[in-house]
Amino acid sequence: MGKFDQKWLVVLSVLTGTFTVILNNSMLNPVLPELQRVFDTDAVGISWILTIFMIAMGMTMPVTGFLGDRFGKKKIYIIGLTLFAFGSLLGAFSQWLSMVIIARAIQGIAGGLMMPNAMALIFQAFPRNERGYAVGIYGVAAMVAPAIGPTIGGVIAENFDWYFLFLFNLPFAFLGIFFSTKYLITTKPDPSRIFDWKGFVIITAGVGAVLYVLGQGRNVEDALTVMNFSIIAIGIILIYTFIKYELKQDAPLLELSVFKVKTYRYSIIATSAASIGLFSNLFLLPYLIQDGYGLSMVQTGLIFIPSALASGAFMTIGGRILDKKGPKLVVPTGLIILTFACLMFGFVDLTTSFWILILINIVHGIGLGLGNMPATTAGMNMIPDHLVAQGSAMNNLIRQMSSSLGIVIFSVYFELRRGQYMLMDQMSQNEATLEAINEAFILAAIIVSISIPFAYKMKGIQEVEKE
């Protein structure tokens, strides 16, 4: 098999695995009420199915770069995918909610091992001037899976027993293991790498604390408690302590020197803003469709599919442009389009056609496609190849935290403003919902727009080669 084919089989291998992880997570979102009934628990108890996955993945990511360097990226990726299959099997055979939560924790650890190494494996297989297009193809999984997951989850929940939500993962996981074993390029392990236990304890405790609060604080009562403020303060202090500690180490757990690369720093800002734009949309649009328009969950799921397809298509186009022209043309353009789409959602009303909403959401997807993965690739291209796994781990971790923060910001803002409108302005629930959503989307547009100047400062390999 030729060299060209081998490179693309690497993309196929990691795409299959990561698609499975992201799809499973999004499938569970709409069926939590059904699982709440099955396990006879309350909303707080059932929310741990999502929260524990996020915390476990976030706490695993800081160590993934080290593990990939120490034992080989291919080996760690396959271990992660195997662990995900085991977690799915355990989830399917769970008899109690506690067992499901443990299974989800295992899946989260698996996702933390897989995601950063997936990007590193692609970067290893492709030269710098082809990575944009390759990562664009890979990024389709990140866009399409969250869009189709809720619909698939709803169909499974309505027609099959709940445990098929976990069994559904297994064929894809086994296929991913087969592809990965056969086609991923083996990387040479570095036995000389020393594990920084002290740094590991500090950063996992800090990240775990922050993600715990962000995972629980999805409403005003939970978000604005003294306990949560205290926990998140402790988490931030621990992360700060970790940074100060790591900068003094000869063999740090995370190589923070990558932040000295300006384009990498700017790419983090751009992708964080794009993630906030994405998750504001994923959170707010279902409220608009279901509470504002009174439409069904199926129609809610359908509105995301054209957007996801547009995002996937323009992600590959954006990758091509990045490879040929650099990031200054594609990334700011994507963020501008994303800002425009968020603003458009800020001015819809209950007379706006459903088809107009689909059109705006397609524009939103185009902006994400051009602004998200190309920014990630441009930043990663500027750091040394031996630090790609470390850079990818930090990129994924920061994006995870910014996404979670975005959901908390918009959920709390939405709940507060809707309550105020209903109380002070005597609006109906539909009208108050619409006003609160309009404002929240405008807030999202402002947040995304702040990142645009930083995107213009990013450099591509073309500019560096000319210098």
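This is a predicted model: local features need pLDDT of at least 70, side-chain atom pairs count only at pLDDT 80 or more; totals for chains, interfaces and linings use all residues.

**From domains to residues**

The centres of domain 1 and domain 2 are 24 Å apart, taken over C-alpha atoms. Where these two domains meet, domain 1 supplies 11 residues to the contact and domain 2 supplies 12 residues. The domain assignment places domain 1 at 1-195, domain 2 at 197-250 and domain 3 at 255-466.

Let us now consider the chain as a whole. How many helices and how many strands are there in the protein chain? There are 20 helices and zero strands. The radius of gyration is 21 Å, close to the 23 Å that the globule rule gives for 467 residues, so the protein chain is as compact as a globular protein of that length. Its C-alpha trace spans about 65 × 55 × 45 Å along the principal axes.

Next, the inside and the surface. Of the 467 residues, 58% count as buried. The protein chain exposes about 19,200 Å², and 68% of this area is supplied by carbon and sulfur atoms. As for charge, there are 30 positive and 27 negative side chains, and 14 Å lie between the centres of the two sets.

How do parts of the sequence come together? Take the contacts between residues at least 6 apart in sequence: 83% of them join residues at least 24 apart.

Is Ala-110 buried or exposed? Ala-110 has a relative accessible area of 0%, so it is buried. Ile-109, with a relative accessible area of 34%, is partly exposed.

Their contacts can be read in the model too. Leaving aside neighbours within four places in sequence, Ile-109 is in contact with Ala-56, Met-57, Thr-60 and Leu-83. With residues up to four places away again not counted, Ala-110 touches Gly-80, Leu-83 and Phe-84.

Ala-110 and Val-21 are 89 residues apart in sequence, and their C-alpha atoms are 8.6 Å apart. Ile-109 and Leu-238 are 129 residues apart in sequence, with 21 Å from C-alpha to C-alpha.

Leu-309 is found in helix H13, residues 297-325. With a relative accessible area of 54%, Leu-309 is exposed. Leu-309 and Leu-295 are 14 residues apart in sequence and 22 Å apart in space, C-alpha to C-alpha.

Asn-395 has its place in helix H17, residues 388-424. The relative accessible area of Asn-395 is 1%, so this residue is buried. Which residues does Asn-395 touch, not counting residues up to four places away in sequence? They are Tyr-264, Ile-268, Thr-271 and Thr-376. Between Asn-395 and Gly-379 there are 9.4 Å in space, C-alpha to C-alpha, and 16 residues in sequence.

Asp-40 lies between helix H2 (32-38) and helix H3 (43-71). At 70% relative accessibility, Asp-40 counts as exposed. The phi angle of Asp-40 is near 50 degrees, a positive value in a residue other than glycine. For context, most residues other than glycine have a negative phi.

Thank you for your attention.

Methods. Residues are numbered from 1 along each chain as its sequence is written. Side-chain values use heavy atoms; hydrogens and water are left out. Helices (H or I, at least four residues) and strands (E, at least two) are DSSP runs, numbered from the N terminus. The radius of gyration is taken over C-alpha atoms; the globule rule is 2.2 Å times the number of residues to the power 0.38. Buried means under 20% relative accessible area, exposed over 50%, partly exposed in between (1.4 Å probe, protein chains only). Contact means heavy atoms within 4.5 Å. Accessible areas come from the Shrake-Rupley method with a 1.4 Å probe; for residues, only the protein chains shown count as cover. Lys and Arg count as positive and Asp and Glu as negative; His and the chain ends are not counted. The place of a charge is taken as NZ of Lys, CZ of Arg, CG of Asp or CD of Glu. Domain bounds come from an automatic or database domain assignment.
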